[in-house]
Amino acid sequence: MFLVYIGIVVIIIYVLYNYIILNRKRNNNLDAKRENEKNIVYEMIKLYCKKNHHSKNQLCPKCEKLNKYAISRIDNCPFMETKTFCSNCKVHCYKKDMRSQIQIVMRFSGPRMLFHHPITALGHVVATIKEKREWRTKMQIKKILLIVIGCISVCFGAIGAVLPFIPTFPFLLLAACCFTRSSEKLDRWFKGTKLYKNNLESYVKGEGMTLKTKVKIMSIITLLLSIGFIMMDAVVVGKIVLVCIWLIHMLYFTFAVKTIKEGAR
């Protein structure tokens, strides 16, 4: 029982570290990236305004308005962590008139930045290339992990279809989620298997689940939570949490998921 308590403490420390320390570092990096992008946009608008509107030390009213609008978009950009160029973004958050203005500025100032601000321009290009490579690497690793988890889940789901004490539905649902987010070919293959059609297809389509499937799932959940309940021993709070989780599952599968007849699709 002492080892169980140690395990719980380790998990709590790990979660706190990820959500506090790592998030703080991530936020600091994002803030620095936002400021850098603001400076680059300002320099590009300033260069455009100087050459076309003949301004010297300050932006003209029209360019000042565009700069403030661009800053507001950068401050509220939800894709800043993974974004490279705004032109590559799938969501164009600029208003139509502002977007046409910023495009004109970018086309004019972009090539000229190498001559007027070579260090800033080269630094931006290098940082962008580096971010693209890092993002592609992360996506590839994520894709591989999802495929591995999906394949393992299919194996456990297939075993659960034969052995009654191993849950089938949760593993197949996890596999479906993993394949949907990682591989179109595996997703098509999995949805074409009898394992998917007999155990998961009706639920995914919103038609419901058979009574046999419901009973099997709720029995496994009850068994696993009962083991946890017994291991909690004198931890009253833990027992209350487990009971609440059990009640939520029972209510969900009883009332939220429709019961269909065996063989109905």
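H54 is exposed, at a relative accessible area of 64%. Here exposed means over 50% relative accessible area, buried under 20%, and partly exposed in between, for a 1.4 Å probe and protein chains only. The model is predicted: local features need pLDDT of at least 70, side-chain atom pairs count only at pLDDT 80 or more, and totals for chains, interfaces and linings use all residues. Residues are numbered from 1 along each chain as its sequence is written, and side-chain values use heavy atoms, with hydrogens and water left out.

H54 sits in the loop between α1 (2-52) and α2 (61-75). Its phi is near 55°, a positive value in a residue other than glycine.

The chain contains ten helices and two strands. Helices (H or I, at least four residues) and strands (E, at least two) are DSSP runs, numbered from the N terminus. Their order along the sequence is α-α-α-α-α-α-α-α-β-α-α-β. Of the 265 residues, 29% count as buried. Contact means heavy atoms within 4.5 Å. Among contacts between residues at least 6 apart in sequence, 68% join residues at least 24 apart.

Confidence was examined next. The pLDDT is the predictor's confidence in each residue, from 0 to 100. Its mean over the chain is 76, and 77% of the residues reach 70 or more. Over residues 1-9 the pLDDT is below 50, and this stretch has six contacts in the model beyond near neighbours in sequence. Where pLDDT is low, the predicted coordinates should not be read in detail.

Helix α2 holds both N67 and K62. N67 is buried, at 5% relative accessibility. Residues up to four places away in sequence aside, N67 touches Y42, I45 and L59. K62, by contrast, is exposed, at 53% relative accessibility.

Two packed helices are described by the angle between their axes and the distance between the axes. Axes are lines fitted to C-alpha atoms, for helices over the stretch in contact, and angles run from 0 to 180 degrees between N-to-C directions. Angles under 35 degrees count as roughly parallel, over 145 as roughly antiparallel, 65 to 115 as roughly perpendicular and the rest as oblique.

α2 packs with helix α3 (residues 96-116) at about 105°, and the axes are 11 Å apart. The two helices are therefore roughly perpendicular. On the α2 side the contact is made by K62, K65, L66 and Y69, and on the α3 side by M98, Q101, I102 and V105. By class, five of these residues are nonpolar, one is polar and two are charged. Ala, Val, Leu, Ile, Met, Phe, Trp, Tyr, Cys and Pro count as nonpolar, Asp, Glu, Lys and Arg as charged, and the others, Gly among them, as polar.

Helix α9 (residues 211-232) packs with helix α10 (residues 236-256) at about 175°, and the axes are 9 Å apart. α9 and α10 are therefore roughly antiparallel. From α9, the contact involves K214, I217, M218, I221, T222, L225, G228, F229 and M232. These meet G238, K239, L242, V243, I245, W246, H249, M250, F253 and T254 of α10. The contact comprises twelve nonpolar, five polar and two charged residues.

The cysteines were also inspected. A disulfide is a covalent bond between the sulfur atoms of two cysteines. The criterion is a pair of cysteine sulfur atoms within 2.5 Å. By this rule there are zero disulfides. The cysteine sulfur closest to that of C151 belongs to C155 and lies 7.0 Å away, too far for a bond. C151 is partly exposed, with a relative accessible area of 34%. C178 is likewise in no disulfide; the nearest cysteine sulfur, that of C177, is 6.8 Å away. C178 is buried, at 4% relative accessibility.
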